[in-house]
Amino acid sequence: MNRRSIIITLLVALIAAIILWNAFDDEETIESGERTEMLIPDFTATGLETRVFESDGRLAQQIRAEHMAHFSALNLTELESPVYITYLNELAVDSAETGSVWEVSAEKGRYYEGERLELESNVLILNRSNTGYIDEIKTDFISIDLQNRTMHTDSPVTIQGIRFIVNGNGMRVDLEAQQLELIDHVETIYYPRSARP
């Protein structure tokens, strides 16, 4: 092979390599652009509140947050300082007010279009009705099934009432049945006659 043929072969190989390299680089740019587009929220809102009503018009539950960012492609809304409130149906029979059962607040949350709400960082669950023995529950993460009105976590949990504190790992709560199941009990501290510090 002469020198001229070698140069032409190397030149063609170099041009082919540049063309192939540019084609792969364009694909990566397109994929990167699509990923970036997915991460940009479709809309953001401040102080927005969502309310869900029963078929008879009673308020069933509501979700509010200081700031929300909705991502349609993921069917997800990111929440800052979210608060979830659910209402006890039995209280509405005798009065106009339904009365809140649980108020759940946290630093951050994710709302999955009417199906599930996940709250994390300093989760505080307050009993807002005058019934039951539990005043508050603290944990780092809680998942709320909005359809079945159940909550669960595998994180450490602290449950407080007027005369007791219960520590454990994980729990399941059925809000409608007003039942709480502690998955792994660690300790219970009982304070007789309001001797709680």
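**Salt bridges and rings in a predicted model**

Visitor: How many salt bridges does a search of the whole structure find?
Guide: This is a predicted model, in which local features need pLDDT of at least 70, side-chain atom pairs count only at pLDDT 80 or more, and totals for chains, interfaces and linings use all residues. Residues are numbered from 1 along each chain as its sequence is written, and side-chain values use heavy atoms, with hydrogens and water left out. A salt bridge is a side-chain nitrogen of Lys or Arg within 4 Å of a carboxyl oxygen of Asp or Glu. By that rule, the search of the whole structure gives a count of 10.

Visitor: How many residues apart are E54 and R149 in the chain?
Guide: Their side chains meet in a salt bridge, 3.0 Å from N to O. E54 is in the loop between β2 (49-53) and β3 (59-64), and R149 is in the loop between β10 (134-145) and β11 (150-161); strands are DSSP runs (E, at least two residues), numbered from the N terminus. The pair therefore links distant parts of the chain, and the separation is 95 residues.

Visitor: Is R149 buried or exposed?
Guide: Buried means under 20% relative accessible area, exposed over 50%, and partly exposed in between (1.4 Å probe, protein chains only). E54 has 25% and is partly exposed. R149 has 5% relative accessibility, so R149 counts as buried.

Visitor: Which residue forms a salt bridge with R128?
Guide: The closest N and O atoms of this pair are 3.4 Å apart. R128 lies in the loop between β9 (116-127) and β10, and its partner is in strand β7 (residues 100-105), so the pair ties together parts 25 residues apart in sequence.

Visitor: In which strand does K108 lie?
Guide: The side chains of K108 and E120 meet in a salt bridge, 3.9 Å from N to O. Because E120 lies in β9 and K108 in another strand, the pair ties together parts 12 residues apart in sequence. K108 is partly exposed at 41%, and its strand, residues 108-112, is β8.

Visitor: Over the ring of which residue does the charged end of R116 sit?
Guide: R116 belongs to a network of salt bridges with K108, R110, E118 and E120. A charge sits over a ring if NZ of Lys or CZ of Arg is within 6 Å of the ring centre and within 35 degrees of the ring normal. The charged end of R116 is 4.2 Å from the centre of the ring, which belongs to Y112.

Conventions:
Helix = DSSP H or I, 4+ residues; strand = E, 2+ residues; numbered from the N terminus.
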